[in-house]
Amino acid sequence: MARNNKSYRYQTRTNYTDGNTARKREFNVDYAMGNYNAVPDRQTRPIPEPQRRVETRPQKQVRRQPRELSGISKTSLFILILAIGATLYFCIEFLMLQNQVSKMERDIISMERNLTAMKNENDAAYEQIEKVYDLDYVYNIAVNELGMVYPNNNEIITFKKADENYVRQYADIPD
């Protein structure tokens, strides 16, 4: 209130403009207009002085009872609690899934190592089998180690093939 009063006095009793230190010339309407009465006289009403409050003694302040959750309703609180619960549930599920994915990645890496080892063993076994079925190798072992020889023409017996895919031998081979 006191500040408003000072501002009012500054605006009405000074000849200064805001931000300028030069004085204004007083403007006298009678002097400027001469004896011409082109501007009618205005009726001005006086600006009332602000009334000052007279304080006698401080009044007792009445204590108010605290309001009951004035900012949020029970349904909003319930929905907020549900949203927080759902968020926590999804976060925990996400962490569990992430843990399972990392475990599966570790399992895949160990299985790839096992696969590589098995492929190496399989290749070694295949080479061993190829070595056994190599005809030159079989011929060398049969002739040199076992003492086998090729049969002569008179030692070879031929017979007619049956229409079946395999042969059952219950008796001697026919001539």
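The protein exposes about 19600 Å², of which carbon and sulfur atoms supply 54% (Shrake-Rupley method, 1.4 Å probe; for residues, only the protein chains shown count as cover). The model is predicted: local features need pLDDT of at least 70, side-chain atom pairs count only at pLDDT 80 or more, and totals for chains, interfaces and linings use all residues. Residues are numbered from 1 along each chain as its sequence is written, and side-chain values use heavy atoms, without hydrogens and water.

Mean pLDDT, the predictor's confidence in each residue from 0 to 100, is 76 for the protein, and 61% of residues reach 70 or more. Confidence is lowest in helix 2 (residues 29–33), with a mean of 54, and highest in helix 3, at 94. Where pLDDT is low, the predicted coordinates should not be read in detail.

Of the 175 residues, 1% are buried (under 20% relative accessible area; exposed is over 50%, partly exposed in between). A nonpolar surface patch is formed by L77, L80, I81, I84 and L88, with about 450 Å² of accessible area together. I84 lies in helix 3 (residues 74–132) and is partly exposed, at 47%.

D123, E127, E130, D134 and D136 form a negative surface patch. Helix 3 supplies its largest share, three residues. D134 is in the loop between helix 3 and helix 4 (135–145) and is partly exposed, at 38%. Patch residues have over 30% relative accessible area and no salt bridge; like charges are joined within 9 Å, nonpolar side chains (Val, Leu, Ile, Met, Phe, Trp, Tyr) within 5 Å. A salt bridge places a side-chain nitrogen of Lys or Arg within 4 Å of a carboxyl oxygen of Asp or Glu. Asp and Glu count as negative.

Note on methods: Helix = DSSP H or I, 4+ residues; strand = E, 2+ residues; numbered from the N terminus. Buried < 20%, exposed > 50% of the residue type's maximum accessible area, 1.4 Å probe, protein only. Charge placed at Lys NZ, Arg CZ, Asp CG, Glu CD.
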